[in-house]
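I went through a two-chain model and noted what I looked up. The entries follow in the order in which I made them.

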Amino acid sequence: MIKYAIQRTLYMILVFSIITFMCFILIRMLPLPPVPPGDIHAEVIAMRREALGYNKPYLEQFWIFLRGLFTRFDWGLSEQLYTGRPVLELFLEKLPATMIVNLYSILWTIPVGIALGIWAALKKNTWVDYTISTLTMVVISVPSFVYAFLIQYIFCFKLRIFPFVMDGGSDYFSWHMFKSMVPAILALSFGVIAGFCRTTRAELTEVLTSEFMLLARTKGLTKTQATVRHALRNCFVVIVPGIFGEFIGILGGSLIIERIFSIPGVGGLTLNAINSLDYNIFILSTCFYTAIGLAAGLVVDISYGFIDPRIRMGSKK
Amino acid sequence: MDNKKTSLDAGYERIPAEKFRFVQENEELRDKELQTKSRSFFADAMIRFGKNKSSVIATWILAALMLFAIIAPIVSPFDIRHNDPIYINYPPYYRAIADLNIGILDGAHSMSGQTDNSLTALRGIAVETGFDPLLKITGTHVSESINKGQVVQRTTYDVEVNAYYQKGIIYRTFSYDEFRKVQEWQNETGIQVIYPYVESKDISGISDNANLWYQVNNKGVAVLDDDGNFIPAYSKNQEKAGAEYNSLRIPGDDGSYIYSYAMSGSVQCRVAYYNYYRYLNGMEPNYIMGTNALGQDIFCGIGVGARFSILFAILVSAINLTIGAIYGSIQGYYGGWVDMTLDRISDILSGVPFVVVTTLFQLHLAKKVGVVGSFLFAFVLTGWIGMAALTRRQFYRFKGQEFILAARTLGASDRRLMFKHIFPNGIGSIITSCALTIPGVIGSETSMTYLGIVNLSSFAGTTIGTLLSQGNSVVTSAPHAILYPSIFLGLLMICFNLFGNGLRDAFNPTTRGVDD
């Protein structure tokens, strides 16, 4: 098992390096945004670009980039958005806002989603099941900005319970700050609830009809005992990796929700970097989102293996 | 038991021999021709699909939405390139229905905290132009405050006003030629566009509010006569008149009012914008879903955006389906190192976040192949991976089976085995996955245009994502601007998904109700 985990991790690192390399070169191939004429930093910028090897072959540029990365963990300086500030520092400054909003959201949505899924599965083919399944389907289909709009319109505008956008400060644990985050948390929650509800329902209905459940009942367990001890455990084989994946995913957040509710997070930074062609921030964002995506997949795969030793995702068939 | 048998045997023996006859004596024995019609795989699936009520309803709604997308830009009197500079984010309005006064399509816009003076100002617009902006007073609040030792009662109202009428009169500068044309139009139609000029010296020096035509104090509040009527402040200063005016005059004008004000080489006029709009466009501003931040008709915009989204999604799905099917077939059929190499490639491609792909393609290719082309490439670059994985699974399932061995023994080539023998077996899941890919593509496309990473406005006119993003910034003042695109998109996505689920259940009856 350990060997499998190490193999998978090494493979992920390889994939990550290749993606980084490709994106790095593609980004460096873009024409540089011109330095505004008369900018007092013009000379400094030119010197810095020279030092980064902008006039050298791409492989050499990548080597310079890697050297900076491994010796000083230097991701470069922001050129357009926040002139002269280290990109990494900016990024770490924005990360907590993204994380905290997503963390709040999944902390309550995962239990709720699983509970709804269990309820629907136990009441299969009754109105409870139909209602939950229909709602799940609707929520999964409708894009998040539609309910973000509804939440903004109803809770922030008509009822005036919450402010429109998230506060800018950094006291993430104050009550006032929390209140300003609620709309964003709600908007993020629907999708997660629906996702977990659907997976749980599908898994549990399948498990409930399997033969070992019949055996459990035959040997004298009550329905509750059988469900809790046998059915739920088995269906958690699928759900728990999903939870792990979701926890990795909180780092990434949602670009759309961050934009609608003005969350001062990494999503906003990435979008601004794209619009103002701040390539150093963009490289870091690219690596960051790639790493998160790959890590989430990796964690899901490995945890499958640990939870249920019969499963080896991605290994030889 | 024995007894029973003997009694049966006995009965059987008692049948007289002449009652027996041959089934066929001098005839050939043949199979009966099939009485029932044979049902193809697709017909079978369609029958199952028809039994799924929610999917059938979704299909009908989907058809209606598609029809809307096709028809809306045709029936809308407005072109998507028609931007009105004044009617921006204006609520839904249709003249004929607004006149019925039943509370819909009346251009209603709520305002709170209006004082008596602002109501008087609204009445001023109504008296002059004949269009009464005030629809109804929805609430009255009385507050008391103490000012200089005296209790002052202050009444404020929550009102609903017709935003189109509320605009009232604006200042416009015309060339002489255009001024003449407007007059001609007035004479033809009998609709008053140009109203008598008011010099700012007559209205306490206020020069930025064209709606004042009556005497006001220096705060811009109307000074009424004893009967509560407005006292006109129209200019009779013929020396200031900009150009000759031989057209409609307002009631109460004895011919002495001036209708234009001389500027250098042009004239300034007070025009009633609603009527001026009719002069400019030859129709009334019947925006049945209102206008957006660019002054475009939202009804038309949704249609135009949806046309693009749906066509684009179908195109993307078709391309991804083809690439994915071929890639997955090769992977699944050959297996071994081919499979592994190709798998690594798709692993790497699928690891790149979609935002990054889209951005890079936009930055690199937009100038060469256009915005849409580069957006399409971005979708194609990673979109086929799911399809390839699906096809690969199907191939692993079928390639070891006996009928393949039989075909191979009979000398079928690799290509024939792949596409004639194995591939058709997976066609059900492939169709299903295609039906579920389309809403996915629409969703991503909308997100990207919403975020502004891709701007398709110059190509497609507008897109749903662009409409939503424009509406989102004015969600409080003009909720209609985001409401209608949201409803449309929400319905479209739900129906596509229901339709796709229905297809999946129809093609794979064994997996009914299981979501994968």
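I take axes as lines fitted to C-alpha atoms, for helices over the stretch in contact, with angles running from 0 to 180 degrees between N-to-C directions. Helices (H or I, at least four residues) and strands (E, at least two) are DSSP runs, numbered from the N terminus.

The model is predicted: local features need pLDDT of at least 70, side-chain atom pairs count only at pLDDT 80 or more, and totals for chains, interfaces and linings use all residues. Residues are numbered from 1 along each chain as its sequence is written, and chains are lettered from A and ligands numbered from 1 in the order in which they are written.

**Chain A, overall.** I found 12 helices and 0 strands in chain A. The C-alpha trace of chain A spans about 85 × 55 × 30 Å along its principal axes. Of its 317 residues, 37% are buried (20 or more other C-beta atoms within 10 Å of the residue's own; 12 or fewer is exposed, in between is partly exposed; C-beta atoms are placed from the backbone). I then looked at contacts (C-beta atoms, placed from the backbone, within 7 Å). Among those in chain A between residues at least 6 apart in sequence, 72% join residues at least 24 apart.

**Chain A, helices 5 and 7.** I looked up how helix 5 (residues 127-141) and helix 7 (residues 175-208) of chain A meet: their axes come within 9 Å and cross at roughly 130°. The two helices are therefore oblique to each other (under 35 degrees is roughly parallel, over 145 roughly antiparallel, 65 to 115 roughly perpendicular, the rest oblique). On the helix 5 side the contact includes A:Ile132 and A:Val139, and on the helix 7 side it includes A:Phe190 and A:Arg201. I noted 6 nonpolar, 3 polar and 2 charged residues in this contact (Ala, Val, Leu, Ile, Met, Phe, Trp, Tyr, Cys and Pro are nonpolar; Asp, Glu, Lys and Arg charged; the others, Gly among them, polar).

**Chain B, sheet.** I found 3 strands of chain B in an open sheet, order 1-3-2, with antiparallel pairing (two strands pair if DSSP finds at least two bridges between them). Strand 1 (108-114) and strand 2 (134-147) of chain B stand at the edges with a single partner strand each, so one side of each has no neighbour in the sheet. Neighbouring strands are turned by 10° against each other on average, direction ignored. Strand 1 pairs with strand 3 (residues 150-162) of chain B over 5 bridges, and B:Met111 stands opposite B:Val159. Strands 2 and 3 of chain B are joined by 12 bridges, and B:Ser145 stands opposite B:Val152. The hairpin of strands 2 and 3 has 2 residues between the strands, and B:Lys148 takes a positive phi near 55° there. Strand 2 of chain B is hardly covered, with 1 buried residue among its 14.

**Chain B, helices 3 and 17.** I found helix 3 (residues 53-75) of chain B packed on helix 17 of chain B at about 135°, axes 8 Å apart. That makes helix 3 oblique to helix 17. The contact divides into 10 nonpolar, 5 polar and no charged residues.

**Between the chains.** How many residues does each chain give to the contact? I noted 32 from chain B and 30 from chain A. On the side of chain B, helix 17 gives the largest share, 7 residues. By class, that side has 19 nonpolar, 11 polar and 2 charged residues.

Terms used
Two residues are in contact if their C-beta atoms, placed from the backbone, lie within 7 Å.
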